[in-house]
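Hi,

Here is the structure I promised to pass on.

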Amino acid sequence: MHSIPIIGASFSQHHFHHVGISPIEALQAYSQLGLAWIRLGCYWSEIERTQGIYEFDELDGLVAQCKIQGINIVMTIGMKAPRWPEFYIPRWLNKKPDDASIEPTLFAFISKTVTHFKKQKHIRYWQVENEPLDPSGPHRWVISFDRLAKEVDLVRHVDASRNIVINLWGNELTKRNLYPQAVRLADVVGIDLYPRVPGPMGYRGPLDSDDQLRHIVTSIKAAGKALWISEL
């Protein structure tokens, strides 16, 4: 696996639009932080607003700016991406994630996206979906292991040159016991740990003890997979 320390942050052009900030200006500010890595999301509902028409212009601009600034990219692809509401399925499709009929359109989007960006060498990893096996969003939807496996196979078929990341909600690892499934599919298993979340309810942090977390880390590494803290 890559030997250079991977220290970076997530970047959501979707969220910047929501708060009225130019994503390009935000990325220029990001480049002043001294971080060598960034996670960018491909928001399906914003790229394929019309069926079969893929608009990569904004993401192309962000990818180009990262190249200028010498920032390496982890790019998420699929129907899930960072930030609420988690799932970004185009409205015209009007399908739920567990609907089998979504696959041809979803797979076409993934294939088109990987093909479009795979020549950009500073995109170093594909992250297939975002916390795909964990329930999330307003409807608590999940992506099944079988569907995720098909997506991973597709990405490897279109681009065999990059390693694949799959991340998991890390605050309930033992309770949900999903990490063995991620290990089966990914080259890199990402764990999203939130020791404290602001808000009226607060958050207790990871439910696992330090010993349980060490056991999980050891088992992932024993399987020959790299381990990241992908959100903190």
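Which residues of α5 are buried? They are Glu-103, Thr-105, Leu-106, Phe-107, Phe-109, Ile-110, Thr-113, Val-114 and Phe-117, where buried means under 20% relative accessible area, exposed over 50% and partly exposed in between, with a 1.4 Å probe and protein chains only.

Before the rest, two housekeeping points. This is a predicted model, so local features need pLDDT of at least 70 and side-chain atom pairs count only at pLDDT 80 or more, while totals for chains, interfaces and linings use all residues. Residues are numbered from 1 along each chain as its sequence is written, and side-chain values use heavy atoms, with hydrogens and water left out.

Element names are DSSP runs numbered from the N terminus: helices are H or I with at least four residues, strands are E with at least two. The cover over the buried residues of α5 includes α3 (44–47), α4 (57–69), β3 (72–77), β4 (123–128) and α6 (145–158). As a reminder, an α-helix has 3.6 residues a turn, so residues three or four places apart point the same way.

Next to β3. Six of its six residues are buried, so β3 is largely enclosed by the rest of the structure. Asn-72, Val-74 and Thr-76 point one way from the strand, Ile-73, Met-75 and Ile-77 the other. β3 runs parallel to β2 (residues 37–41), with five bridges joining them, and pairs with β4 in the parallel sense, also over five bridges; two strands pair if DSSP finds at least two bridges between them. Together β3, α5 and β4 make a right-handed β-α-β unit, meaning that with the strands pointing away from the viewer, the path from the first strand over the helix to the second runs clockwise.

Thr-76 has a relative accessible area of 0%. Not counting residues up to four places away in sequence, Thr-76 touches Arg-39, Leu-40, Gly-41, Cys-42, Ala-81, Pro-82 and Gln-127, a contact being heavy atoms within 4.5 Å.

What about the nonpolar core? By that I mean a set of buried Ala, Val, Leu, Ile, Met, Phe, Trp, Tyr and Cys residues joined through side-chain atoms within 4.5 Å. The largest has 58 residues, and Phe-11, Ile-38, Leu-40 and Met-75 touch the most other members. Its largest share, seven residues, comes from α6. A second, separate core of seven residues includes Trp-37, Tyr-125, Val-188 and Ala-226. Leaving aside neighbours within four places in sequence, Met-75 has contacts that include Leu-40, Leu-59, Val-63, Phe-117, Ile-123 and Tyr-125.

On to the aromatics. Rings of Phe, Tyr and Trp (its six-membered ring) pair if their centres lie within 6.5 Å; planes under 30 degrees apart count as stacked, over 60 as edge-to-face and the rest as tilted. The count by this rule comes to ten pairs. Phe-11 and Phe-16 have ring centres 4.9 Å apart and planes at 45 degrees, so that pair is tilted. Phe-11, Phe-16 and Tyr-30 form one aromatic cluster. For Tyr-125 and Trp-228 the centres are 4.8 Å apart and the planes at 80 degrees, so the pair is edge-to-face. This pair links distant parts of the chain, with Tyr-125 in β4 and Trp-228 in β7 (residues 226–231), 103 residues apart. Tyr-125 is buried at 4% relative accessible area, and Trp-228 counts as buried at 15%.

Most residues other than glycine have a negative phi, and most peptide bonds are trans. Trp-84 and Pro-85, however, are joined by a cis peptide bond with omega about 10 degrees, and Pro-85 sits in the loop between β3 and α5. Glu-86 is in that loop too, with phi near 75 degrees, and counts as buried at 15% relative accessibility. Asn-94 also lies in the loop between β3 and α5 and has a positive phi of about 55 degrees, but Asn-94 is exposed, with a relative accessible area of 68%.

Cheers
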